[in-house]
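Welcome! Let us take a friendly walk through the inside of a protein, one topic at a time. Have a look at the model first, and then read on.

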Amino acid sequence: MSELIFDDDGITLRAAADGILTLRLNRGQNVVNPALVTSLSAALDKVDQVDHPKSLVITAEGKFFSNGLDLEFMTSNAIGTPIMIESFWKILARILVMDCRTVAAINGHGFGAGLFVALACDFRVMRTSRGYLCWPELNLGMQLAKGFSELSKAKASQATLREGVLTGKRYNSSEAFKAGLVDVECPIENLIEEAEKMAVAGLPENLELANFDPEALKLIKVELYTDAYRALTLGTVATHAHSRL
């Protein structure tokens with residue numbers, strides 16, 4: 001059994017006795033807009049408050065893990081869009097270097113920002129039979145902004161980036177597994193079980209660690225993903241690609 005410890009605007013967080021936290025999005029297509037960013041940030045605050053040992057599973061309800069950025073919001077809020085995206089980058093940065101294991105349980109489509117949430121996690125489990133992962137920027141005529149590009153480079157191989165970013169390919173679960181975008185694929189009825197197994201395996205006692213220090217784990221992740229972490233925490237949407245030459 002688990003206890004509901006956070007519930008706000010379609011985002012819940014449950015805590016189980018074994019230390020597994022489950023953050024669940026249930027906002028339809030789970031598009032990224034200011035409301036989702038605000039609720040996600042509050043949920044991560046709650047995750048941070050939970051004592052160790054712990055691991056975090058991030059999943060969603062329905063057809064979508066996340067259908068990416070809220071294009072309707074963006075087309076009517078030119079001034080607010082960069083603020084929203086950079087706030088979302090801060091969310092990704094927090095997940096990327098979280099001081100416990102993080103597992104994405106991908107229940108459906110993960111387009112754009114949805115893929116980036118999954119990539120920010122340490123491990124990824126994807127359902128079979130339904131759902132795709134993709135970088136949609138080429139199809140939408142959008143720039144792959146600094147924070148998103150650096151996160152992609154930190155977590156995907158050069159071959160996968162060439163194929164996924166430069167062709168806009170949609171990866172089903174078997175293709176995502178072969179490309180290294182996910183670690184496990186399984187039927188939807190086993191998705192949470194498989195994700196929880198991976199989360200439990202990351203608890204310090206199951207890793208047989210002599211002296212686990214959460215802060216050390218966080219700093220290890222910062223060192224592993226320095227460019228992505230820097231871009232997500234310090235980058236701006238307005239930064240032009242040529243400025244990095």
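## Cysteines

Cys 121 is buried, with a relative accessible area of 0%; buried means under 20% relative accessible area, exposed means over 50%, and partly exposed lies in between (1.4 Å probe, protein chains only). Please keep in mind that this is a predicted model, in which local features need pLDDT of at least 70, side-chain atom pairs count only at pLDDT 80 or more, and totals for chains, interfaces and linings use all residues. Residues are numbered from 1 along each chain as its sequence is written, and side-chain values use heavy atoms, with hydrogens and water left out.

How many disulfides does the structure hold? There are zero, where a disulfide is a pair of cysteine sulfur atoms within 2.5 Å. For Cys 121, the nearest cysteine sulfur belongs to Cys 100 and is 9.9 Å away. Cys 186 is in no disulfide either: the nearest cysteine sulfur, that of Cys 121, is 15 Å away. Cys 186 also counts as buried, at 5% relative accessibility.

## Nonpolar cores

In soluble globular proteins, nonpolar side chains tend to be buried together. Here the largest nonpolar core has 61 residues; such a core is a set of buried Ala, Val, Leu, Ile, Met, Phe, Trp, Tyr and Cys residues joined through side-chain atoms within 4.5 Å. Helix α3 (residues 80–96) gives the largest share of this core, nine residues. Helices (H or I, at least four residues) are DSSP runs, numbered from the N terminus.

Among the residues with the most contacts inside the core are Leu 23, Phe 88 and Trp 135.

## A cavity

A search of the whole structure finds one cavity of 30 Å³ or more. On a 1 Å grid over the protein atoms alone, a cavity is a set of points where a 1.4 Å probe fits but cannot get out, and lining residues have an atom within 4 Å of a point. Grid points are joined across faces, edges and corners, and a volume is the space filled by probe spheres set on the points.

Leu 25, Asn 30, Val 32, Leu 36, Leu 40, Ser 66 and Val 117 line the largest cavity.

## A loop residue

Asp 213 sits in the loop between α10 (204–207) and α11 (214–224). At 38% relative accessibility, Asp 213 counts as partly exposed.

Methods. Helix = DSSP H or I, 4+ residues; strand = E, 2+ residues; numbered from the N terminus. 1 Å grid on protein atoms, 1.4 Å probe; cavity = no way out; pocket = protein on both sides within 12 Å on 5 of 7 lines; lining within 4 Å.
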